[in-house]
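Please look at the sequence and structure below before reading on.

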Amino acid sequence: MMAALPLDLAMAALLSWLGLGLLGFALGGRQALACRVVFPLSAMGGLLLAAAGFWALTATPDVLELSGPFPVLPWSFRLDPLSGFFLILLGLLAAAVSVFATGYFRPLPAAALRRLFLQYQSFLLGMGLVLLADNAYTFLVAWEIMAIASYFLVVTEHEEEGSRRAGFLYLLIAHLGALAILLGFAVLAGVQILQGGSFAAMMQAQLSPFWASAAFLLTFFGFGAKAGLLPLHIWLPEAHPAAPAPVSALMSGAMLQTAFYGMLRVDFLFLPRAADWWGPFVLLVGLASALFAVLFAAAQTDMKRLLAYSSIENMGLIMVAMGLALIFRAHGLDALAALALIAALYHALNHAFFKGLLFLGSGSVLHAAGTVAMDRLGGLIQRMPQTAFFMLVGVLAIAGLPPLNGFVSEWLLLQAFLLAPALPQSTLSAVLPLAASGVVLSAALAAYAMVKFYGISFLGQPRAHLPVHETGRWERGAMGLLALACVALGLFPGVLIGLLDPVIREMVGQGLGRQGWLWLTPVSAQRASYSPVIFLFGIALALGVAFVLVWWRFGRPLRRAGVWACGFPLRTARMQDSPLGFVEPLLRIFRPVFQLRREALSTAAPRLSLQLGEPVTAYLYRPLAATAAWLSAQMVRLQQGRITVYLLYSFLTLLLLLALLR
């Protein structure tokens, strides 16, 4: 079947990424030329992909089927409004990250750069194919391309043991998740899985409540492993610090969202009307993930590790919104389900932009200062002013402060929670306000963590003598693009919500309709409305009036005075808050959660180091690892090295099979 133009454009963008990977491998010996050619062209491929996604929002779904290596397993692709939205997210983020990578990866050795070109472009190709796949076979092959390419990117610095350990853990969790997704698709497709498992057949499947719930749990586990939800999150805080900054930006901003895309397609398009317990279950897992991750984000001393935990927190908030949508959908409240889904999709796009910006900024700090350990940084705003400005935009956005984009999605989510009394079930109506308070607590702690992140790293005095310099123009240009996107999504949310209308109608059959550019009105103007442009104008007016009054009251001459240092004649860097000292109240309150251990740095100096541990690792994964090691040790005893013993095993196995088959 011939594909229409939007799908042709998307496939052309993906094929261009594949070709650029091969071109980069060929030119890898000339680092400067290869980076200046391949990565800018890769950014153009991202823009083409985003254009195809925008086109798909208003066009009819397109389908393309190609013959594969096996006659019964065709390659099948589909472009509809849901995949179109995520293509926009992937394409725009990939464009900005590729611009950043132009300067960031240039210092790599030629051999490492040649490998990286193939891995980077294959990673982008895998994510794009996941979003376009129209059968289980194509989806799972694309999912494996994405997972394996990202694994090799995580272990770019494979000489370090930490990178190898992080890569192994990531690959283990990724394949456990892929196995669960395969089993979930097998339940959905039935015997059709042998012919590739068409998504169209899955949409028409008539499943009993038991098998529908089984498919829901299997796919939620599989996609949740990739999304970093509790307790499958353990790979994420290890992989992000090990991966290069552009890879971390793509993994956090785009790859995690492919898991969200898979959940939406399965739960809203494949499965029948949601069971009553699906929504509360997703909401509970999301809320637990958000609260757990934001506590550990606040306690981190490494910039990239803090951002990794923040990614888990934001994915938790997205799951809260999705769970709320499932609750409303199960009770026939499609208009409220549409509002919750818009909050989830809006936050997914917001997270791609502000988390991509922050990861790229942390990469700039790593290149400029040689470290992302916050206890060695400080005062970067003086030596990296442009990077500090872009990072400030990202910090304010992720903290959920108006009029930036993070506030819009969180405000929409709280508006959906405020409509919970419309539910016919009184228990849910009473419990959901408690969940809303958990969302507010998570947002407040996220702002607290971001104050620490920015204040300790960029403000104050340098804590160590580091040769810091401003980053290159390619890196600054990419961060500027993402900062501009955060501002635009915050000031004009009605435009994006209007574009989301076809996506929401595809999933729940009802949308919020077109919104004006000035006012955002999710339900009715009498209930709640928000105008970020007017809010920004009010802030600017208040600041201007305050400046004029201070200028008029105290006179025009500018007076400079030394900072009061609490009575001390000399200020030093050691008088500033340390990363752990800043969060001491949280460490005291949640001491059992953090698994705190005090270790002496040396016997001569009376200094202590606080070591944080995760309860999930201590109480779940370590016992599992110990059990697996014990079982393996017992199995080793079967290997006696004597042929007579092995013949005895075969004879006993034959007797057992005969007894069972009799």
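## Surroundings of P615

Leaving out neighbours within four places in sequence, P615 is in contact with F292, F296, V593, Q595 and L620, where contact means heavy atoms within 4.5 Å. The model is predicted, so local features need pLDDT of at least 70 and side-chain atom pairs count only at pLDDT 80 or more, whereas totals for chains, interfaces and linings use all residues. Residues are numbered from 1 along each chain as its sequence is written, and side-chain values use heavy atoms, with hydrogens and water left out.

P615 lies in helix 24 (residues 615-636). Helices (H or I, at least four residues) and strands (E, at least two) are DSSP runs, numbered from the N terminus. With a relative accessible area of 16%, P615 is buried; the word buried stands for under 20% relative accessible area, exposed for over 50%, and partly exposed for values in between (1.4 Å probe, protein chains only). From P615 to R383 the distance is 39 Å, C-alpha to C-alpha, and 232 residues in sequence separate them.

Two of the contacts of P615, F292 and F296, are both in helix 11 (residues 278-299), four residues apart, about one turn of the helix. F292 and F296 are both buried.

## Aromatic rings

There are 34 aromatic pairs in the structure. Rings of Phe, Tyr and Trp (its six-membered ring) pair if their centres lie within 6.5 Å; planes under 30 degrees apart count as stacked, over 60 as edge-to-face and the rest as tilted. W277 and F281 make an edge-to-face pair, because their ring centres are 6.1 Å apart and their planes stand at 75 degrees. F292 and F296 also form an aromatic pair, a tilted one, with 4.8 Å from centre to centre and 35 degrees between the planes. W277 is partly exposed at 37% relative accessibility, and F281 is partly exposed at 30%.

Ring pairs also link F39, F100, Y104, F105, F117 and Y120 into a cluster. In a further arrangement, the charged end of R114 sits over the ring of F25, 4.4 Å from its centre; for this, NZ of Lys or CZ of Arg must be within 6 Å of the ring centre and within 35 degrees of the ring normal.

## Nonpolar core

The largest nonpolar core has 223 residues, and F139, F260 and M507 are those with the most contacts inside it. Helix 13 (residues 334-369) supplies the largest share of this core, 23 residues. Such a core is a set of buried Ala, Val, Leu, Ile, Met, Phe, Trp, Tyr and Cys residues joined through side-chain atoms within 4.5 Å. Not counting residues up to four places away in sequence, F260 touches F86, M315, I318, M319, M322, A344, L345 and A348.

## Strands and salt bridges

Strand 1 (residues 62-70) and strand 2 run antiparallel and are joined by six bridges; two strands pair if DSSP finds at least two bridges between them. A hairpin connects strand 1 to strand 2 through two residues. The bridge partner of E65 in strand 2 is S76. Strand 2 (residues 73-79) is mostly covered, with five of its seven residues buried.

The whole structure contains five salt bridges. In a salt bridge, a side-chain nitrogen of Lys or Arg lies within 4 Å of a carboxyl oxygen of Asp or Glu. Three of these pairs are listed here.

| Salt bridge | N to O distance |
|---|---|
| R265 and D80 | 3.0 Å |
| R505 and D501 | 2.7 Å |
| R588 and E584 | 3.0 Å |

R265 lies in helix 10 (residues 245-270) and D80 in the loop between strand 2 and helix 3 (81-104), so this pair ties together parts that are 185 residues apart in sequence. Both R265 and D80 are buried, and a network of salt bridges links R78, D80 and R265.

R505 and D501 are four residues apart in helix 19 (residues 493-508), so about one helical turn separates them. R505 is partly exposed, with a relative accessible area of 41%, while D501 is buried at 11% relative accessibility. R588 and E584 are four residues apart in helix 22 (residues 584-589), again about one helical turn. R588 is exposed at 62% relative accessible area, and E584 is partly exposed at 37%.
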